[in-house]
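Good morning, and thank you for coming. Please look at the model on the screen while I describe how its parts are packed together.

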Amino acid sequence: MAIEQMKMPQLGESVTEGTISKWLVKPGDHVNKYDPIAEVMTDKVNAEVPSSFTGIIKELKAEEDETLAVGEIICTVETEGSGDNGSSVPAQAEQAPVSGGQAKARYSPAVLKISQENGIDLSQVSGTGKDGRITRKDLMNIIESGNIPAAAAQSGPESKAASHNAAPQAAPQAAIKQAPDRVRTERASVPVSHGDKEIPVTGIRKAIAANMLKSKHEAPHAWTMVEADATNLVSYRDSRKAEFKQKEGYNLTYFAFFVKAIAQALTEFPQINSMWAGDKIIQKKDINISIAVATEDALFVPVIKNADEKTIKGIAREITELAQKARTGKLKADEMQGGTFTVNNTGSFGSVQSMGIINHPQAAIIQVESIVKRPVVINGMIAIRDMVNLCLSLDHRVLDGLVCGRFLARVKEIIENISSENTSIY
């Protein structure tokens, strides 16, 4: 007999940690190689993790809703013979010295990444994890508190100048070590009255919160909006929807027309299809449209790859398939990766104006609002038209108002010129 270790796999590009949302086995259970043993959630995907071995589950190393770094042990399996380590993911926990020159502390890749991005001196942080380990939650609490522990300043005029220019100024070390506890205390002190319902924060909700917080912290958001006349689009789509549904087996939605129009405009304004990369801006070659799909308690953002090369029919099919997978928990990791621009169908629940948070690290997101009948003036006369607002949120590090205004104007032009004469569904 041999005891083998199962490790947290890397479930996607740039994923550094995963949350055990549900164990599918318990100690004593027999599993075959490739049998699913746990459901793991990341900020990109929710997936089942298969066993790397055939044997008996000996110990579960993590609780449900616990987050572990890629490469950390999640459970042990007793196998016959030595076997081979089926996990292809090496342990990625790194080491960094702690204050006092004593033993080295293990920091997960996520902790190291957050600390580097926010200039946090980990030697000045007290962890709340096992054996005092610093967790991602500890750093997020510190960031939210505003007390960022920077490296200790050295004496001399240069260090004084650097300290003077630091923003925000580092708080005393003792206060910083207490910051996570203080933040938790403030949250715990929210008054709870009789009849109030306390809802635990799920792993996927935490992942969404962390991604939104990262976007708001890093990207200086700006917003702009145009109003488009979708009367011809509505007429054309309504005249074809019944025939299309009967022939193809899925709906011809307004959203498919908008995604196609936006993809076309992105080919003409490639600056919008960009990402901020610190010392440079990456203008992406492929136009991969992320679409927001909401479930009762979560938000998923699957990707339509090369949307500019697809027909309206093809886009409608992918929207239907990806939305169905998201709502049934069957999205694959690669279906959540590679997005370069996000289109959010906020109009599906009646919204007429909204300001979306950018899907980091993309440079912009557009909200397609509800199509509503409104009185408008055409050639000096009032007419009832089907109008839609298109609301764009942009990262002002990458984009400026001029190019975004021209981009939205082009999307508006495409939408307003959709008709049976010049627009092909196939």
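Predicted model: local features only at pLDDT ≥ 70, side-chain atom pairs only at ≥ 80, totals over all residues.

Leu-390 touches Thr-224, Met-225, Val-226, Ala-228, Phe-258, Ile-366, Gln-367, Val-368, Leu-408 and Val-411, leaving aside residues up to four places away in sequence. Touching, or contact, means heavy atoms within 4.5 Å. Residues are numbered from 1 along each chain as its sequence is written, and side-chain values use heavy atoms, with hydrogens and water left out.

To which core does Leu-390 belong? Leu-390 is one of the residues with the most contacts inside the largest nonpolar core, together with Ile-272, Phe-341 and Phe-407. That core has 62 residues. Its largest share, 10 residues, comes from helix 7, residues 254-268. Apart from it lies another core, of 18 residues, including Met-6, Met-8, Val-25 and Cys-75. A nonpolar core here is a set of buried Ala, Val, Leu, Ile, Met, Phe, Trp, Tyr and Cys residues joined through side-chain atoms within 4.5 Å. Buried means under 20% relative accessible area, exposed over 50%, and partly exposed in between, with a 1.4 Å probe and protein chains only.

Let us turn to helix 7 and its partner. The axes of helix 7 and helix 8, residues 312-327, come within 9 Å and cross at roughly 120°. Helix 7 is therefore oblique to helix 8. Angles under 35 degrees count as roughly parallel, over 145 as roughly antiparallel, 65 to 115 as roughly perpendicular, and the rest as oblique. Axes are lines fitted to C-alpha atoms, for helices over the stretch in contact, and angles run from 0 to 180 degrees between N-to-C directions. On the helix 7 side, the contact is made by Phe-255, Ala-256, Phe-257, Val-259 and Lys-260; on the helix 8 side, by Ile-312, Ile-315, Ala-316 and Ile-319.

Finally, the strands. Helices (H or I, at least four residues) and strands (E, at least two) are DSSP runs, numbered from the N terminus. Two strands pair if DSSP finds at least two bridges between them. An open sheet of four strands has the order 1-8-6-3, with antiparallel pairing. Its edge strands, strand 1 (2-7) and strand 3 (30-31), each pair on one side only. Strand 3 pairs with strand 6, residues 55-60, over two bridges, and Val-31 stands opposite Gly-55.
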